[in-house]
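Subject: Structure handover

Hello,

Here is the structure for your files. My notes come after it.

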Amino acid sequence: MPIKPRPDWKDRAREFGFGFHTMYGEPYWDESAYYQFSLQQIEQDLENPTEEIHQMCLEVVAQVIADDALMRRFCIPEKHWDFVRDSWKNGDPSLYSRLDFAYTGSGPAKLYENNADTPTSLFETGFWQWLWLEDNVDRGALPRQSDQFNSLQEKLVNRFRDLQFLTPGRALHFACCKDTEEDRGTVQYLQDCAQEAGIEEYFVFVEDIGRDAKGQFTDLKDQVITWMFKLYPWEFMFREEFGDYLGGNNIRWLEPPWKSILSNKALLPMLWRLFPEHPNLLPAFFEDELDRAGDCDALVKKPIFSREGANISIVKNGQQEIESLSDGPYGEEGFVYQAMYPLPKFGDSYTLVGSWLVDDEAAGISLREDSSLITLDSSRYLPHIIL
C-alpha cells in the first residue's frame, strides 16, 4: 500500500541512532509503502506455523546431537562435538532467531531457512517500524485501529530478565565485527534491551577479544569474559585459531553452541526427512540425495553455511540459471538443494517475510523487498500493519 513518507523521518533516524537507513548509496529503509495484513493471515499463516516449525527444528537438533554421521553432515568439526553436545544436554538457553518465509498472502507460508545464530534487522523490526506506525497513526495517515505484529522489544527485554536469572552473577559482553554499521546497530539495540532488563553489560569488537595465560577470553580492559552475546557465526569460530579454547573456559554463550545446528542449511533436508509433505516445508535434499528430487522442476542450491543470500544459485534441468549477486566465502563445505518456490512479486519487487522468535515464542515480522529473486543484506526493509 503506498503512503507518503514522514517528512522528518531522516531527522528521527538521526535522533534514534538509525545510521544504516541507506546502504551502498541505496535506500535500505523504505517507507514509501507498507504491507497490510489481516489478523487471520498473521495468526493462522505466520504466527502459529512459526512456533510449530521452531519445535520441529528442535527435534532435528536432538537427532543430530545423538548421531556422529549427522554431525559430519552438518560440517561440525569433530573437535567441537562435545562442546556443541554439552550445550544442548545442559539446556543452555537461547535468546532469539528468525525464520524466513515465502508468503503470498494466502495458503501456507513456505520456509526458506532458519536464521538462528546471527539474525540482524532487529532494531528496524522491534523499534523503528513500531515508531513509524505510531507516527503515522498520530498524523492521521493510517487508521487509528491499525496494529502491528510486533512484540519483539518487549519479549527481548523480558527474555534478558529470564537469562539474568539463569546466569546469575555475570556481566554480559556484547560483540560484533568492526566496520559494519548494521551489525553495530543491531548489537547496540540489544545492549539497550539488556540495560532495560537491569543487566550489567560491556561491548568489545570480535577482533579485540584476547586471552589470558589460562586461555580465558578477555576484553581490552583485561576483564575476563564469562557471558557473551556474539553477532559472529559459530562456523567461523569453530575454524579459527581461538576456536581451540572453546569449551575450555567458563563462558555462557548467546547464542549457545547448539544453535550451530539450527543456523545450518543442512537443517532443511533434515526437516523434510523427518516431516515429509509438511505444508510449510519445501522438499530439500543433500547432494547425494538428488535422485529423490525428480519431481522438482527447479532447485535452489544453497551452501551449508551461506548467509545474506551469498553464493546461492538456481538450477533448472541440471543447469545453473541464476546466481546470487552476492559473493561470499561459502561453498567449500558442500551444498543442499531446496525445491524452487519463487518469492511472491508485489509491484516490481519480490518480498520475503522474516518471522521472529524470542526463546520459543513468535514475536513479530519483518518484510524485505528486492528486484532480484534472491534477498541480500542490502534488500529494502518495509514496515507493515494489521488492519
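This is a predicted model: local features need pLDDT of at least 70, side-chain atom pairs count only at pLDDT 80 or more; totals for chains, interfaces and linings use all residues.

Helix α5 covers residues 122-138, which is 17 residues. From first C-alpha to last, α5 reaches 24 Å, close to the 24 Å expected at 1.5 Å a residue. The helix has a kink of about 35 degrees, centred on Trp-128. Of its 17 residues, 13 are buried, so α5 is largely enclosed by the rest of the structure. Just after α5, Gly-140 has a positive phi of about 80 degrees.

On the aromatic side, the whole structure contains 28 aromatic pairs. One of them joins Phe-20 and Tyr-28: the pair is tilted, with 6.1 Å centre to centre and 35 degrees between the planes. Phe-20 is buried at 3% relative accessibility, and Tyr-28 is buried at 0%.

Tyr-34 and Trp-132 form a tilted pair as well, since their ring centres are 5.7 Å apart and their planes are at 50 degrees. Tyr-34 lies in the loop between β2 (26-27) and β3 (35-37) and Trp-132 in α5, so this pair ties together parts that are 98 residues apart in sequence. Tyr-34 counts as buried at 8% relative accessibility, and Trp-132 is buried with a relative accessible area of 0%.

Phe-20 and Tyr-28 also belong to an aromatic cluster, whose members include Phe-123, Phe-127 and Trp-128.

- Arg-73 over Phe-286, 4.2 Å from the ring centre.
- Arg-184 over Phe-203, 3.6 Å from the ring centre.

Regards

Technical notes:
Residues are numbered from 1 along each chain as its sequence is written. Side-chain values use heavy atoms; hydrogens and water are left out. Helices (H or I, at least four residues) and strands (E, at least two) are DSSP runs, numbered from the N terminus. The expected span of a helix is 1.5 Å times one less than its number of residues. The bend at a residue is the angle between axes fitted to the seven residues ending there and the seven starting there. Buried means under 20% relative accessible area, exposed over 50%, partly exposed in between (1.4 Å probe, protein chains only). Rings of Phe, Tyr and Trp (its six-membered ring) pair if their centres lie within 6.5 Å; planes under 30 degrees apart count as stacked, over 60 as edge-to-face and the rest as tilted. A charge sits over a ring if NZ of Lys or CZ of Arg is within 6 Å of the ring centre and within 35 degrees of the ring normal.
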